[in-house]
Amino acid sequence: MLDFNHRPDLSEKISILIDKSLTQENEKQEPRNYLGASRLGVSCSRALQFEYTNTPKDEDQNFTGKTLRIFQAGHVFEELAIKWLRQSGFDLITEKKDGSQFGFSALNGKIKGHVDGVIIDAPQELKSELNLTFPMLWECKSLNNKSFNDTVKKGLAISKPIYAAQIAIYQAYMESSIDGISQNPTLFTAINKDTAELYFELIKFDQALAQKLSDKAVRIITSTEAGELLPRISSDSSYFECKFCPWQERCFNLKF
């Protein structure tokens, strides 16, 4: 007689169905026709060229159902952070009046970015103590325990340079649509996915970094459109960034 309360294969069977539906849904998404500003902190310009041109990834590097579940869980954590901040007295806006997301477009739409939100007020005791002024950019990430603790210990710029780069470029490009946002620090929020701990850091605008990233974006786009393949970050395929690159095989099959 079957024990319907304990079927070792039940989780696997249902998970397979869910992951199949998620991958099918993901395959229906229209590919980006622009360079995502949140990706400009990636070290390898060639990888960003592949990303910008929607170059097919190596056969085994497409998003799995598990990865897509992780992405969607991240959105849930972000929604929780929005709720918690609002309940605690922050005036946090995540959508424009027409319901669209805050963001920017540059270089005739070839560079785009979408921000998590904008803070226009905070609890009085916090404003007084930290001398906060507004508007402030708000960015949120959910991290596993190891990554979260490293961020708390080292700070965002050292622990997560890609996120720090994302914030710098957002502060720079959002200034044209939200006056003064680059003059005020960004409130970065991290949620520990394992413990629900919270980490907050005020990130001042790094103008030099933003300019460097902007120049990098222009170089990637102009080189790509001119048919020029930029150098890879390393000549060694086992280099840690190359090892985990979704275009590793394609890249190193090229002679240059």
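Q: Where is A196 found, and why is A196 called partly exposed?
A: In this predicted model, A196 is found in the loop between β7 (186-192) and β8 (198-203).

Q: What makes the phi of A196 worth a remark?
A: A196 has a positive phi of about 70° although it is not a glycine. Most residues other than glycine have a negative phi. L107, in the loop between β3 and β4 (111-114), also has a positive phi, near 55°, without being a glycine, and with a relative accessible area of 37% L107 is partly exposed.

Q: What makes the peptide bond from F134 to P135 worth a remark?
A: That bond is cis, with omega near 10°, and P135 lies in the loop between α4 (124-130) and β6 (136-143). Most peptide bonds are trans.

Q: Why is the aromatic pair of F50 and W247 called tilted?
A: A search of the whole structure finds four aromatic pairs, and in the one formed by F50 and W247 the ring centres are 5.9 Å apart with 40° between the planes.

Q: Why is the aromatic pair of F104 and Y170 called edge-to-face?
A: F104 and Y170 are 5.7 Å apart, centre to centre, with 75° between their planes, and because an angle over 60 degrees counts as edge-to-face, the pair takes that name. F104 lies in strand β3 (residues 103-106) and Y170 in helix α7 (residues 161-174), so this pair ties together parts that are 66 residues apart in sequence. F104 is buried at 10% relative accessible area, and Y170 is buried at 2%. Ring pairs also link F104, Y170 and Y173 into a cluster.

Q: How do you know that the charged end of R232 sits over the ring of F252?
A: The charged end of R232 is 4.3 Å from the centre of the F252 ring, which is within the 6 Å limit. Likewise, K141 lies over the face of Y163, at 4.6 Å from the ring centre.

Q: Why are α7 and α8 called roughly perpendicular?
A: Helix α7 and helix α8 (residues 207-225) pack at an angle of about 90°, with their axes 8 Å apart. Since angles of 65 to 115 degrees count as roughly perpendicular, the two helices are therefore given that description. Among the residues that meet are A164, A165 and Y173 in α7, with L209 and S214 in α8, and by class the contact has nine nonpolar, one polar and no charged residues.

How values were computed. Residues numbered from 1 in each chain as written. Predicted model: local features only at pLDDT ≥ 70, side-chain atom pairs only at ≥ 80, totals over all residues. Heavy atoms only, no water. Phe/Tyr/Trp six-rings, centres within 6.5 Å; stacked < 30°, edge-to-face > 60°. Helix = DSSP H or I, 4+ residues; strand = E, 2+ residues; numbered from the N terminus. Buried < 20%, exposed > 50% of the residue type's maximum accessible area, 1.4 Å probe, protein only. Lys NZ or Arg CZ within 6 Å of the ring centre and 35° of its normal. Axes fitted to C-alpha atoms, helices over the stretch in contact; angles between N-to-C directions. Parallel < 35°, antiparallel > 145°, perpendicular 65-115°, else oblique. Contact = heavy atoms within 4.5 Å. Nonpolar A, V, L, I, M, F, W, Y, C, P; charged D, E, K, R; others polar.
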